[in-house]
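Colleague: I am new to reading structures, and I would like a close look at one spot. Could you pick a single residue and walk me through its surroundings?

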Amino acid sequence: MIDLKLVQKQPEVLAKALADRHSDLCVDQFLELDARRRALLTEVEELKSRRNAASGEVAACKREGRDATTLLQELGTLSERIKALDTETVTAKAAVEEWLMRVPNLPDASVPVGRDESENVEIARHGQPRVFDFPVQEHGELGTALGGLDFVRAARLTGSRFAILQGWAARLDRALVNFFLDQHTRHADYQEVCPPYMVNRSSMTGTGQLPKFEEDLFKLSDWDYYLIPTAEVPLTNLHASEVLNEADLPRGYCAATPCFRSEAGSAGKDTRGLIRMHQFTKVEMVRFAHPDDSFNQLEIMTGHARRLLELLELPYRVITLCTGDMGFGAAKTYDIEVWLPAQNTYREISSCSNCTDFQARRADIRYKPKGGKSGFVHTLNGSGLPTGRAMAAILENGQQKDGSIVLPVALRPYLGGLEVIEPC
RNA sequence: GGAGGGGUAGCGAAGCGGCCGUAACGCGCUCGACUCGAAAUCGAGUUACCGGUGAUGAGCCGGUACGUGGGUUCGAAUCCCACCCCCUCCGCCA
């Protein structure tokens, strides 16, 4: 949620941000809603002030044994008017809140303004895409031929956009999880967490999935619980309604969890392979930062994700998402894209965002400086990394003419020293 | 699922219809005194949010908040109802 004060005091700033994001929300319309809310509040508060004063008098009368009949009659009417006005005020407040909940975060000044993904800006590149002297195969074919992936049975078992990993693939998935978590906990400052994979409505609202993006989620039918689309949700909500000590910032958490996404609206996209699944495993990084430090922390966290790709010997590039392509809660996002030879292009494998105080305000996550006034922390999240897309990249980039896969050196200790995945 | 206990400021905890929400008491935190300095001790201060005013500051005025939502009442932390969460015991269970 953005700051109501900011909308009131500098509506033009929000209007510009909304225009940059190509949102159709109307600021002027909102200001009218808010003006109405404030007018009602002023009116009802004045009445309440009178009621409080008169109630005090009633108490005094009772104490001194005086008659309070006239006062009580007057108070009766007053209370009825207050009750009616209160109802209106609640409605007006709800309208304001509902609108605010649908407003995306303000893009940071450093974010390029643009319409869609075509206007994202590449800022770094690492590694050279390998030159192949044989026709490259895509990872789905490779993995299936090597006996590790089974999309046919998965479709029968459940449906489309599911995969079965077996044998070396199941083990590789587990190896990637362990490798990523070890890096984050041993070579960075993240604390490992195993959170619930279902969360309640309030948590989903806290991180911004609700109320706007309900159709992207899987919801349980008899419970008001949702399957998490990313560990960002439980990790960020870890400190919901809490006040952290300023000295505890920055603080990082990581978790490997399954992620569940309905992929509504992406019918026909990435229908082959592991790129777009209803269920996938991802290691997520979340950081809580001091507002003055959060953009620095974004660079640090993006570095953590990049390092994983470097250790896996995978070529990648980093892009800054433009205003039109950025997610709802982000003020700034770096996408890391890994080279996929079969698609002859870079594909997103990690998204690292600074959500500034947007989620913190929704989830009520504050920090308190020693002796100072508390404020909202800044929250950051980044993938580090999803195992499915990582596996896809490893298979495609490591493929040999005979269909075998040479594994990255850093991963071999996690696979009992295995160097090459051979055809069965 | 059954029985009981509980949810009050950063934390612990008292209050159980108006004199108790700038919320007793304790801890913590801030400032001061004592001290060469520190500890100990002593003193003072320290809830959040919303509205009005003001400069998006300070201050002042007002309102709201005792798990959440309703109800009773002129008035609710306090009484009633529903729900959520935590603890203890019983049942069931990987």
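**A closer look at M301**

Modeller: M301 is buried, because its relative accessible area is 0% (buried means under 20%, exposed over 50%, and partly exposed in between, with a 1.4 Å probe and protein chains only). Before we go on, this is a predicted model, in which local features need pLDDT of at least 70 and side-chain atom pairs count only at pLDDT 80 or more, while totals for chains, interfaces and linings use all residues. Residues are numbered from 1 along each chain as its sequence is written, chains are lettered from A and ligands numbered from 1 in the order in which they are written, and side-chain values use heavy atoms, leaving out hydrogens and water.

M301 sits in helix α10, residues 294-311. Helices (H or I, at least four residues) and strands (E, at least two) are DSSP runs, numbered from the N terminus. Leaving aside residues up to four places away in sequence, M301 touches Y190, M285, R287, C352, S353, L380, N381 and G382; contact here means heavy atoms within 4.5 Å. D325, by comparison, is 24 residues from M301 in sequence and 20 Å from it in space, C-alpha to C-alpha.

Now let's look at the sheet. Eight strands form an open, mixed sheet in the order β1-β10-β11-β12-β15-β9-β8-β4, where two strands pair if DSSP finds at least two bridges between them. In general, strands of a sheet pair through backbone hydrogen bonds, either parallel or antiparallel. At the edges are β1 (121-126) and β4 (190-192), each pairing on one side only. From one strand to the next, the twist averages 30°; axes are lines fitted to C-alpha atoms, for helices over the stretch in contact, and angles run from 0 to 180 degrees between N-to-C directions.

Finally, find helix α7 (residues 168-186), which lies across β4, β8 (251-260), β9 (279-289) and β15 (378-386) and runs at about 5° to β9. So, to return to where we began: M301 is buried, with a relative accessible area of 0%, and its partners include Y190, M285 and L380.
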